[in-house]
Structure formats: structure tokens, C-alpha cells
Amino acid sequence: MSEGPVPGPVDGPRVPLLEAVLSVGTDLELRATLKHLVDAAAELTDAAYGALGVVDPAQGRLTELFTAGMDEATRAAIGRLPCGDAGLLGVLIKDPKPLRLTDLTEDPRSCGMPAGHPPMRSFIGVPVLVRAEVFGNLYLTDKRHGAAFTAEDEQLLRILAAQAGIAIGNARLYEAARQRERWIEGAAAVTTALLSRKSPTDALMVVAEQARKLADAAAGVILQPTVDGGMEIVTASTHGDPGDLVGTTISPGSPVLDQLLGGEAVFVEDSSTDPRMTTPVRARFGPSMLLPLQAEGRLIGTLALPRRIGARTYTATERVLAGHFAQQAALALVLADAQESRERLAVFEDRDRIARDLHDLVVQRLFATGMMLDAAKRRAQLTDVEDTIGKAVDELDSTIQEVRTAIFALQQPPADAPTSFRGKVLREAAGVAAVLGFQPSAQFTGAVDSRIGERTAGHLLTNLRRALETASRRPEVSRIEITVDAAARLPDGRDGVRLTVYDDGARDAAAEGGDSGGEGDGEGVAGTTLTWQSPL
């Protein structure tokens, strides 16, 4: 009875090889699959150290290095891992064929070890192919007990690498699908947020923060063009405090500026060393993408996504997905701006309707009532009744003036309310320009924003509105001058603020004046000057 064939030398490791192949294919996560592969290769060949270098075919260098046999302290002592542009690692990148050495230190192609790197002797490397393209290389060193790697080890590694190529291909497809899904969901979330009436500043922050999370970046930054031809960081999203990122500028003449202003995408491997990057904050970051936010022929700005120093560079897939996200975000920003403009127009139309109703109905009725009381006053026989009717007429005149002021305010275009007194005065001037057909001039003297208190500012703005509304109704008015003097000296010697409004229109017959705070009015050769003043 025959006992069958005696197992050959390769039959012994069949079970470990099968286990290694199975371990590589147990996870669909790409990074987990790559870690399983390098661990399995080191265990299968009895190597003390193992590494899997992921190759970027466009750059001809390693973009990531997964290791086995090194603890965190050893990796930290080595510092930045090699990129494969020299030495034995680079040999396999340039010529992806199996390479086996008894002592790598004696090979003339070796470029030595960096400080802190453990000493290594025996070496074997094999390429890992995914769909006939080089994905990376497996490197194993220091076979235990001082032995050299054998042809059998090489054969086992080639089989493992071939099977791993299939598992990596499946994991890459899964990873690409998940990445695409995350970026699509992120773009949809940005569109939804922007169309839910976010302010312009909040809208840019939504884009920057969502992009930072999706790209696994250290920061999400929005740059916009400046008046001097440069670009400035206007929004920054980071894991913590953005510090001095916001306000950082790219000065005109920067090598990268022409590309950004031209709407081109720029990809940087290391911001801290790339000569194109000239900002003072570049030393904080490593790989970076700068993507145009452009829609309907309009350049809104640039979305920059820098990673920390030493982080992996962006893959081709990440660059494409981030570019699509930037396009979608730019379109959402344009749509949100258009929606806000439509809503502001609707508000303006509604305010205009209210103003017309007030003028056509309320003011006319009040005026008619005042005329009736004025007629009754002339027929009154008793002095007390006459005085009472006179006061009622004065109150109606004052009410009519207040309503006209409200109508004037409603007719101003809606805008974000300015916070400074200077800005509020300029807004009132801009508002009446739509009625007059010309822009009133405004001149300021002294520290108007810091010296004028809130109560005084409100009082002056009320009088300014009345004066502008009155001036806008004067015949032949072609010039209005507004002067605010926060360094004025009042008649009693106190420091004060003085508001003066001059117009060159024909003066109304009715007396006009300011309030009771030491103010007056006058009529020049042509025009009217109204003055209000108040102590500081």
C-alpha cells in the first residue's frame, strides 16, 4: 500500500501562508488591510521588521509607510519616515522586481540609516501589484537568528503579494465608494446649511469646517481677493483656536497668487518647504490643497485644506473629490447670495408698500383732521377752548412729521445695520440718495464713534432723518451737506457734538428748527442750514 508523496520543501509553510492570505482579506478598510499585510508578511518570513510602502506613480515616491516590529518610541526616534527617493527603497520603486540581499549595508545602492533607526542586515523586497499597476512594495529585514532570507521566503512573499493585490483592490474600491459618499453628503449638507439663511460670514465658515472634516485636514481656510491684488484669509476652521490665521495675506507677486486668482487648483506636498508658499503661517502645515471657489464665471475665493507636518499627502481620488466639493460649495454660495437678494428685495417692496399706505391714508387723514381743528379754532369763542384746539393742532403737526420720518426710513434699502455712529450716518445719507437722485456729502470731525454715546447718537440720528426727509421735499434741491463735529465747543464752554445739515433747496414757509438742546436753523442766500448740538 503506497503512503503517497513526501511533502516538498514548500509544502511546510502552506498552512501559515493560507492563514496569512486569509488575514489580509478579513477587512474592507484599506488602511487596516495594509497593516494586516505587513504584519502577515513579517510573520510568514520570520522577519524582525517589515514595512509596506505605498507608491504614488505620478511622483515616483512613497506617500505612506506601514511598519511592523517597530514600537511608537522607535518610530518617534527615527522622525520623518523615508519617501523612497533614494537607497534600496527607491530601487524597488524605479525597478519593481523582487530584491533579496544577505547584508544590505554592503550594497552600494544603500544610503545608510537615519539616526535612531535600528540596525538591519538581511533584506528582501517584493512589489505589490493591483490590477497590473504597482501599488507599493513590501520590505522585510533581519530574518531572526541571524539567518538570510531564502528563495522560499521570496516565493512565499510573491504569492502573498499577489493575493494581497486582490484584497487591496477590493479595499480601495470600498474606500473610494465611502469617500465619494462622504464628500457627496458633505456637499449636500453645505448646500442645505447655506440655503437656510446663513449670514455671509457663517456661510464661509460652514464651507471651511465641512471641508476640513471631510479632508481630515488640520485647517479649513477661505481666502478672498483684496483690493491691492493679493488674497486674505477671511475664515478659518481648525481643531482648536485658529489664532492668527484669519487676516493673514498673500502679497501681490507671490508665485502661487497668479494661479489662485486665475481660478486654478494648487497642490502642495509640504507647505513648510515649498517656495511658492510665502505666508508666515506656512511653517505650521505640511501637505495642502488650494481649490478655487468658482461658479458662473465668478471667483468667490479659494478653499485651502492644509494637513499637519508629516501627514500623508492627498491622493488623486481625494484631490478630485475635494475639487468637486469646492465647485458645489461655490454654486451653493452663489445660490444663497441670490436667495438673500430676492428676500431683501421682497422686504424692500413690502416696506415701500407700507410707506405708500402711510402716506396715502394716515398722513392725509391726519392732515384733514388738523385742518378741521384749525377751522374750529378760528370759530371758538372761549380762550381755553381755542388754546386746547391749538395744542391739538400742534400735536397733529408733530405726529405728521413723525409719520413722514417713518415713511422716509421705510423707503431706505434694507441692509445689515451698521454698528458705528459714522456708519449709521452714512447709511441715512445713502438711503435718501435713492429719493433725491444724488448722494449727500458727509464730513466728520473728531472721534465721533468713541465720543458720542448711544443716547446722544440716537437723538442726533432722529433729527438727521427729519432734516433729510424735509430737505428731500424742498423744490430744486441739488446739494445736501451733512457735518458731524465731535470736537465742538458749546456756547457754555462745554465739550459737545454738533450736527449740521445744509441743503440748497427753496425754503419752506413753515418754521423749521431743531430740538431743545441748544440748536437752531438759518437761511442763507440760497438754501437752509439746520443745526443740533448736545453736550458730551
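The points below take up the basis of the values, then the salt bridges, then the sheet.

1. The model is predicted, so that local features need pLDDT of at least 70 and side-chain atom pairs count only at pLDDT 80 or more, whereas totals for chains, interfaces and linings use all residues. Residues are numbered from 1 along each chain as its sequence is written, and side-chain values use heavy atoms, with hydrogens and water left out.

2. With a salt bridge taken as a side-chain nitrogen of Lys or Arg within 4 Å of a carboxyl oxygen of Asp or Glu, the count comes to 19 salt bridges. One of them joins the side chains of Arg144 and Asp46, at 3.5 Å from N to O. This pair links distant parts of the chain, 98 residues apart: Arg144 sits in the loop between strand E5 (133–143) and helix H5 (151–194), and Asp46 in the loop between helix H2 (30–45) and strand E1 (47–56). Helices (H or I, at least four residues) and strands (E, at least two) are DSSP runs, numbered from the N terminus.

3. Accessibility is described here as buried under 20% relative accessible area, exposed over 50% and partly exposed in between, with a 1.4 Å probe and protein chains only. On that scale Arg144 is partly exposed at 42%, and Asp46 is partly exposed at 31%.

4. A salt bridge also forms between Arg100 and Glu154, whose closest N and O atoms are 3.1 Å apart. Because Arg100 belongs to strand E3 (residues 99–101) and Glu154 to helix H5, this pair ties together parts that are 54 residues apart in sequence. Arg100 is partly exposed, with a relative accessible area of 36%, while Glu154 is buried at 16%.

5. Arg473 and Glu469 form a further salt bridge, with 2.8 Å between the closest N and O atoms. Here Arg473 is partly exposed at 38% relative accessibility, and Glu469 is buried, with a relative accessible area of 6%. Elsewhere, Arg307, Arg312 and Glu318 are linked in a network of salt bridges.

6. Turning to the sheet, six strands make up an open sheet in the order E8-E7-E6-E11-E10-E9, with antiparallel pairing, where two strands pair if DSSP finds at least two bridges between them. Strand E8 (249–250) and strand E9 (266–268) stand at the edges, and since each has a single partner strand, one side of each is left without a neighbour in the sheet. E9 pairs with strand E10 (residues 285–295) in the antiparallel sense over three bridges, and Val268 stands opposite Ser288 in E10.
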